[in-house]
Amino acid sequence: MGLIPKITFGDYPAAYNPRVHGPYDPARYYGKPDTPFGQVKLGELGAWFSRRDKSVRGAAGLWSRAFWRWQHKYVQPKRVTGAWVLQTIVPMMMFMYSINFGKKLVHRHHKYH
């Protein structure tokens, strides 16, 4: 190896084996299975967090899997509802309200007559 690490952006996960796992699913974690968060006892919480991948790559994988699970559940099924539209627009509205809250607060005591 050299001093420059190999860039593996866009590759399959290292634990993915097509003969074992079948077709690749971007919403699935192919690493070693661990206890789900909902089944972790309070005393084991520190050890559970220490086993997580806290790197930028691990966080990107986490967000990517969450995005694809959301896509498979709400955007890509055969019979799509409007839930994904609301789940996209409502957080955007809340974000815009929160960043403009200070401007609205100043105008609260103004009289327009």
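Me: How many helices and how many strands does the secondary structure of the chain come to?

Reply: Five helices and zero strands. Helices (H or I, at least four residues) and strands (E, at least two) are DSSP runs, numbered from the N terminus. Read along the sequence, the pattern is α-α-α-α-α. A word on the source: this is a predicted model, where local features need pLDDT of at least 70, side-chain atom pairs count only at pLDDT 80 or more, and totals for chains, interfaces and linings use all residues. Residues are numbered from 1 along each chain as its sequence is written, and side-chain values use heavy atoms, with hydrogens and water left out.

Me: Why is Arg65 called buried?

Reply: Buried means under 20% relative accessible area, exposed over 50%, and partly exposed in between (1.4 Å probe, protein chains only). Arg65 has 19% relative accessibility, so Arg65 counts as buried. Its place is in helix H3, residues 56-75.

Me: What does Arg65 touch, not counting residues up to four places away in sequence?

Reply: Pro26, Ala27, Arg28 and Tyr29; contact means heavy atoms within 4.5 Å. Arg65 also lies 9.2 Å from Asp25, C-alpha to C-alpha, and the two are 40 residues apart in sequence.

Me: Is Gln71 buried or exposed, and why?

Reply: The relative accessible area of Gln71 is 13%, so Gln71 is buried. Gln71 belongs to helix H3 too, and Gln71 touches Gln76 and Pro77, leaving aside residues up to four places away in sequence.

Me: Which residues make the nonpolar surface patch?

Reply: Val80, Trp84, Val85, Ile89 and Met93 make it, with about 420 Å². Patches are made of residues with over 30% relative accessible area and no salt bridge; like charges are joined within 9 Å, nonpolar side chains (Val, Leu, Ile, Met, Phe, Trp, Tyr) within 5 Å. A salt bridge is a side-chain nitrogen of Lys or Arg within 4 Å of a carboxyl oxygen of Asp or Glu. Areas come from the Shrake-Rupley method with a 1.4 Å probe; for residues, only the protein chains shown count as cover.

Me: What radius of gyration does the chain have, and what would a compact globule of 113 residues have?

Reply: The chain has 22 Å, while such a globule would have a value near 13 Å. The radius is taken over C-alpha atoms, and the globule rule is 2.2 Å times the number of residues to the power 0.38. Buried residues make up 7% of the 113 residues.
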